[in-house]
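Keep it short and tie each point to residues.

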Amino acid sequence: MDYSMEELKEAKRQIDSTLHKLGEVVKTFEQKENPKRYQSQITLAKRRIQAFTIANELIEREMAGETMHE
């Protein structure tokens, strides 16, 4: 499926925002008095960070390919 450059830029912007928020979630849980209690939430947030990071890299590759084709 082909996406416009604007769609890719907006998707990347949204992912960047979500990555920032997830990073803050991890920090918050890790700074709690008993972070072990929040281990499942920390693990989930870190896995989401990894998934969104992959998605972001793929979008960046697609954007680089778009500029080469134009």
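## Helix α1 and its buried residues

In α1, the buried residues are Met 5, Leu 8, Lys 12, Ile 15, Leu 19, Leu 22, Val 26 and Phe 29. Buried means under 20% relative accessible area, exposed means over 50%, and partly exposed lies in between, with a 1.4 Å probe and protein chains only. This is a predicted model, in which local features need pLDDT of at least 70 and side-chain atom pairs count only at pLDDT 80 or more, while totals for chains, interfaces and linings use all residues. Residues are numbered from 1 along each chain as its sequence is written, and side-chain values use heavy atoms, with hydrogens and water left out.

Helix α1 has 26 residues. From first C-alpha to last, α1 reaches 37 Å, close to the 38 Å expected at 1.5 Å a residue. The expected span is 1.5 Å times one less than the number of residues in the helix. Helices are DSSP runs of H or I, at least four residues long, numbered from the N terminus. An α-helix has 3.6 residues a turn, so residues three or four places apart point the same way.

## The nonpolar core

The largest nonpolar core has 6 residues in all: Met 5, Leu 8, Ile 15, Leu 19, Ile 59 and Met 63. Both α1 and α2 supply at least two residues each to this core. The largest share, 4 residues, comes from α1. Such a core is a set of buried Ala, Val, Leu, Ile, Met, Phe, Trp, Tyr and Cys residues joined through side-chain atoms within 4.5 Å.

Gln 14 also lies in helix α1. Gln 14 is partly exposed, at a relative accessible area of 39%. Gln 14 and Met 63 are 49 residues apart in sequence. Their C-alpha atoms are 15 Å apart in space.

## Lys 12 and its partners

Lys 12 is found in helix α1, residues 5–30. Lys 12 counts as buried because its relative accessible area is 19%. Setting aside neighbours within four places in sequence, Lys 12 is in contact with Asn 56, Ile 59, Glu 60 and Met 63. Contact means heavy atoms within 4.5 Å.

Lys 12 forms a salt bridge with Glu 60, with the closest N and O atoms 3.2 Å apart. This pair links distant parts of the chain: Lys 12 in helix α1 and Glu 60 in helix α2, 48 residues apart. Glu 60 is partly exposed, at 39% relative accessibility. The side chains of Lys 12 and Asp 16 also meet in a salt bridge, at 3.1 Å from N to O. Lys 12 and Asp 16 are separated by about one helical turn because they are 4 residues apart in α1. Asp 16 is partly exposed, at 35% relative accessibility.

## Salt bridges across the structure

A search of the whole structure finds 6 salt bridges. Each is a side-chain nitrogen of Lys or Arg within 4 Å of a carboxyl oxygen of Asp or Glu. Side chains of opposite charge can pair when their charged atoms come close.

Glu 24 forms a salt bridge with Lys 27, the closest N and O atoms lying 3.2 Å apart. Both lie in helix α1, 3 residues apart, about one turn of the helix. Glu 24 is partly exposed at 34% relative accessibility. Lys 27 is partly exposed too, at 43% relative accessible area. Elsewhere, salt bridges that share partners join Lys 12, Asp 16 and Glu 60 into one network.

Ile 42 lies in helix α2, residues 39–69. Ile 42 is buried, at a relative accessible area of 3%. The C-alpha atoms of Ile 42 and Val 26 are separated by 5.6 Å, while the two residues are 16 apart along the chain. Beyond neighbours within four places in sequence, Ile 42 is in contact with Val 26, Phe 29, Glu 30 and Pro 35.

The structure holds 1 aromatic pair. Phe 29 and Tyr 38 form this pair, which is stacked, at 5.1 Å centre to centre and 25 degrees between the planes. Rings of Phe, Tyr and Trp (its six-membered ring) pair if their centres lie within 6.5 Å; planes under 30 degrees apart count as stacked, over 60 as edge-to-face and the rest as tilted. Both Phe 29 and Tyr 38 are buried. Lys 32 lies over the face of Tyr 38, at 5.7 Å from the ring centre. A charge sits over a ring if NZ of Lys or CZ of Arg is within 6 Å of the ring centre and within 35 degrees of the ring normal.
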